[in-house]
Structure formats: structure tokens, C-alpha cells
Amino acid sequence: MKKLVLVIVIMGTTMMASEGIVLYKKKCVMCHGVNGEKNAFGKSDIIADWDAAKIEEALNGYKAGRRNVHGMGSDHKAHLSAYSAEDIKAVAAYVASFK
């Protein structure tokens, strides 16, 4: 039973990470870089060293319109409008893997 649970957890994590890759490449890579190494438009923070919780908090804040760091709130809100909570978790997990 423990092996089955471990396999399910690993499969779920792998699926989330692969979804995160697709979502990150679709909306984020152009500004933040392949590995989160860029500061978008010379304004944003470099996100490569952020943990998943910090990324998820920031993305949810942008999506809700509560976050506007460096004047990038409306851009992020537009990019994130179609992302579900699961999508945001997947992107956060993927970006956190850059460490």
C-alpha cells in the first residue's frame, strides 16, 4: 500500500511539473527567461531562486489584482486570467525547480 501511495504521489508531481513547463513556456518564458533568470523589462524580480509558496502567493495576488510590483500588475493579471488554481500551483512548482 505504501508503494502505491508513493507511486501516485510521484506521478501526480511529475504530471504537475510537466503541466507547469507548458504553462510557464506559454506565458512566462519570454519575460522571465528559460530558467527565471531575467528581470522582465528591467523591472521585475528575478524569480529563479523563489520557492513554490512565494511564487504561488505572487501569482494569486497578480491574478486577483492585489499585487502590482514594479507596475507589472495589469500585465500579470491578463496573463493569469485563464489560469486555474491548479495551473498556478503547477507553474509555481516548476519555477521552484530552478533552484
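Student: What makes up the lining of the largest pocket, by class?
Tutor: This is a predicted model. By class, 16 of the lining residues are nonpolar, five are polar and four are charged.

Student: Which residues lie nearest the centre of the largest pocket?
Tutor: His32, Ile47, Leu59, Tyr62 and His76, out of 25 lining residues. Two or more lining residues come from each of helix 1 (2-27), helix 2, helix 3, helix 4 and helix 5 (85-96). The space in this pocket is about 380 Å³.

Student: Why is Ser44 called buried?
Tutor: The relative accessible area of Ser44 is 10%. Buried means under 20%, so Ser44 counts as buried.

Student: Where does Ser44 lie, and what is it in contact with beyond its neighbours within four places in sequence?
Tutor: Ser44 is in the loop between helix 2 and helix 3. Leaving those neighbours aside, Ser44 is in contact with His32, Lys38, Asn39 and His70.

Student: What makes the pair Ala40 and Ser44 a polar contact?
Tutor: The backbone nitrogen of Ala40 is 2.7 Å from a polar atom of the Ser44 side chain. The cut-off is within 3.5 Å, so the pair counts as a polar contact.

Student: Which residues are buried in helix 4 (residues 73-80)?
Tutor: Gly73, His76 and Leu80 are buried there.

Student: How do you know that they are on the same side of helix 4?
Tutor: Around the axis they cover an arc of only 70 degrees, so they are on the same side of helix 4. In general, residues three or four places apart in an α-helix point the same way, because there are 3.6 residues a turn.

Student: What do the buried residues of helix 4 pack against?
Tutor: Helix 2 (29-32) and helix 3 (52-64).

Terms used. Residues are numbered from 1 along each chain as its sequence is written. This is a predicted model: local features need pLDDT of at least 70, side-chain atom pairs count only at pLDDT 80 or more; totals for chains, interfaces and linings use all residues. Side-chain values use heavy atoms; hydrogens and water are left out. Buried means under 20% relative accessible area, exposed over 50%, partly exposed in between (1.4 Å probe, protein chains only). The arc is that of the directions from the helix axis to the C-beta atoms. Contact means heavy atoms within 4.5 Å. A polar contact is a pair of N or O atoms within 3.5 Å; within protein, one must be able to donate a hydrogen and the other to accept it, and residues adjacent in sequence count only if both atoms are side-chain atoms. On a 1 Å grid over the protein atoms alone, a cavity is a set of points where a 1.4 Å probe fits but cannot get out, and a pocket is an open set with protein on both sides within 12 Å along at least five of seven lines; lining residues have an atom within 4 Å of a point. Grid points are joined across faces, edges and corners, and a volume is the space filled by probe spheres set on the points. Ala, Val, Leu, Ile, Met, Phe, Trp, Tyr, Cys and Pro count as nonpolar, Asp, Glu, Lys and Arg as charged, and the others, Gly among them, as polar.
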